[in-house]
Amino acid sequence: MENDKNKAYWSANLRLMFTLLAVWFAVSFGCGILLVDYLDQFRFGGYKLGFWFSQQGSIYVFIALIFVYAWRMNRLDREFGVEEQDEDRS
Amino acid sequence: MSAQVMTYLFVGATFALYIGIAIWSRSASTNEFYVAGGHVNPLANGAATAADWMSAASFLSMAGIIAFEGADGARYLMGWTGGYVLLALLLAPYLRKFSKFTVPDFVGDRYYSQAARLVAVVCVIFISFTYVAGQMRGVGVVFSRFLEVDINTGVVIGMGIVFLYAVLGGMKGITYTQVAQFCVLIFAYLVPAIFISIMLTNNPLPMLGLGSELAGSGEHLLDRLDGLTTELGMSAFTEGSKSTVDMFFITAALMAGTAGLPHVIVRFFTVPRVRDARISAGYALVFIALLYTTAPAVAAFARYNIISNVDGMEYAGAPGWFTKWEDSGLIAWRDKNNDGVVQYRGGNAMSPAAPDFADMRGTSGERLLNNESTSNDNELYIDRDIIVLAHPEIARLPNWVIALVAAGGLAAALSTAAGLLLVISTAVSHDLMKKTFMPGINDRQELMFARIAAALAVGIAGIFGIYPPGFVAEVVAFAFGLAAASFFPVLMLGIFSTRMNKEAAIAGMITGLTFTFGYIVYFKFISPELNNADHWFFGISPEGIGTLGMLLNFAVSMMVMRLTPPPPEEVQRIVENIRVPR
């Protein structure tokens, strides 16, 4: 019983993780490196779009990813009843 | 007040602050010495992680590299921030749940093997020492340039300060000094950037100034910079010259390496709960991004300012900063056409590219060089490392800003040095002494060993700073490749696969390390003349080879794991246990 619950929690965690890592890959390796020359023909204010992704945009997305992860995981912890009690470090 | 007096004041005040914190936060137990008792506030840990992470390389060198490389500099910007996503999603929360003191601790227990623990200890010590040598050198350079003391005296003063708070305070002392050092370094980085951004673009935020129009011209800064660089025969600022494959592999190596660096991972052992480890990684990246999104702006502003101030300048009327840095040997000018005017163009001015000064002055008063002239029109050599330090002077900012930058550079170097030294000392006292050779020692004796190891490590780091082995600069960049090829796969598979066993971990680490190490040594030391894209595997430079080493490590681990028996029951239970916070 306990085991099934933990398995379900783990696969929900993995789903969230893979989704976020897909975004992580798309903005940095995708827009910032593989597609940079293509995107550079578009403009974003005073930036070429590819240049903006590789030197500014990807970093902002990384921050958002970690906060989304922390927020969703805290919710998953509560949903599956595995959240920590206070001060359980031995 | 002169810039030098100001610098003494600022540096003195920040040092007094660090020493005060060291005395206030002494450690009384190994738990405090190793993980600050495990109750650091996640926001404070975020700031401490940022200072721990951002070294002399981030503060002093990175903007300089981007200033000269333009678009290619993105590999550092993305590589050194994207790693935090991997750290937050794949490692930090689980390692925090595991709740031990060091990274070799995890490797040793998860892989139920003293051999694996020892391999990990060797990797930790090797990676950390190559890294710390660069920090001590950075301290020496700041001291010699701004306080006009000898580089070696500077290194000794820096050692003394780190000794005080690392040996007395351990992780507890380091954590709170790092919080203070973060505040100093980020303030010191942002203030001149904001000043210069307003001067050039009227926009107070450098990250936005980078994409703004130049004041009074109606032309975007980056477009103007592209125009200027192409006009002078340099490659256009926003266009890269590295191949896509190489950019991909280098960025990936820096990301996985960042996530696998022991001194960053241990910071997440200091927060109370798993939940705090997750959010703390987010705070850390916000603090880091303040500098990392500003750096490309500083780089573009500096490149623009240098081109417009220096090209076509008469040497006789050169500003003070130009001749001062020439005296330090970091700027060199050869008057190829004997017109007394500096021509700044594309290509290296001399061969070899780094200046070799003769003990004589030329007709305009410049330092003469022994190097051969090259056939292009470029007459100027500028060392990349001076950009951040010299830029406030180039832009004619007030003296207190210049002093602030010196204090910030020292904060960045000292905070990283302390974090690395702690990792070295705990690897020795905990993993070697307590867990391997002298399991009988009590907590007090272990703490004493930790302090002795920290003191010794500070000493060795200082010696590296005073007598830098020629290969340090070459090797530091590769610490990441080695961390990516060794630790990252072992830690990740240890969490995400219950089937992962000792044989696979050891085989994987050895494959990843030997391959990466061999490739780097071959191209950097054995046959440096072959070090170009024609001879590289798939066009991957030694800087990016850690990614391939990591993939090999994963492949070998997966294979060996299927051919050998699964790990014991209780180890599989540990893995299931670290996956849930409670």
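This is a predicted model: local features need pLDDT of at least 70, side-chain atom pairs count only at pLDDT 80 or more; totals for chains, interfaces and linings use all residues.

Colleague: Let's begin with the overall build of chain B. What makes chain B as compact as a globular protein of that length?

Modeller: Chain B has 21 helices and six strands. Its radius of gyration is 24 Å, close to the 25 Å that the globule rule gives for 582 residues, so chain B is as compact as a globular protein of that length. Along the principal axes, the C-alpha atoms of chain B fill a box of roughly 80 × 55 × 45 Å.

Colleague: How many of the residues in chain B are buried, as a percentage?

Modeller: Buried residues make up 62% of the 582 residues in chain B. As for contacts in chain B with a separation of 6 or more, 81% of them join residues 24 or more positions apart.

Colleague: Now a single residue. Why is S486(B) called buried?

Modeller: The cut-off for buried is under 20% relative accessible area. S486(B) has 0% relative accessibility, so it counts as buried. This serine lies in helix α18 of chain B, which spans residues 472–496.

Colleague: Which residues does S486(B) touch, not counting those up to four places away in sequence?

Modeller: They are C123(B), M509(B), L513(B) and N553(B).

Colleague: And what makes the pair L482(B) and S486(B) a polar contact?

Modeller: A polar atom of the S486(B) side chain lies 2.7 Å from the backbone oxygen of L482(B). The cut-off is 3.5 Å, so a distance of 2.7 Å falls within it.

Colleague: Let's turn to a whole helix. Why is α15(B) described as mostly covered?

Modeller: Eight of the eight residues in α15(B) are buried. Among them are I387(B), V388(B), H391(B) and I394(B), and E393(B) is on that list as well. The elements covering these buried residues include α4, α7, α8, α13, α14 and α16 of chain B. Just after α15(B), R396(B) takes a positive phi of about 55 degrees.

Colleague: On to empty space. How do you know where it is left?

Modeller: Rolling a probe the size of a water molecule over the atoms shows where empty space is left. In this structure there are five cavities of 30 Å³ or more. The largest cavity holds about 100 Å³ of space.

Colleague: Which helices each supply at least two residues of the lining of the largest cavity?

Modeller: Those are α8 (151–201) and α15 (387–394) of chain B. With five residues, α8(B) gives the most to that lining. The lining includes A188(B), Y189(B) and P192(B), along with V388(B) and H391(B).

How values were computed: Residues are numbered from 1 along each chain as its sequence is written. Chains are lettered from A and ligands numbered from 1 in the order in which they are written. Side-chain values use heavy atoms; hydrogens and water are left out. Helices (H or I, at least four residues) and strands (E, at least two) are DSSP runs, numbered from the N terminus. Buried means under 20% relative accessible area, exposed over 50%, partly exposed in between (1.4 Å probe, protein chains only). A polar contact is a pair of N or O atoms within 3.5 Å; within protein, one must be able to donate a hydrogen and the other to accept it, and residues adjacent in sequence count only if both atoms are side-chain atoms. Contact means heavy atoms within 4.5 Å. On a 1 Å grid over the protein atoms alone, a cavity is a set of points where a 1.4 Å probe fits but cannot get out, and a pocket is an open set with protein on both sides within 12 Å along at least five of seven lines; lining residues have an atom within 4 Å of a point. Grid points are joined across faces, edges and corners, and a volume is the space filled by probe spheres set on the points. The radius of gyration is taken over C-alpha atoms; the globule rule is 2.2 Å times the number of residues to the power 0.38.
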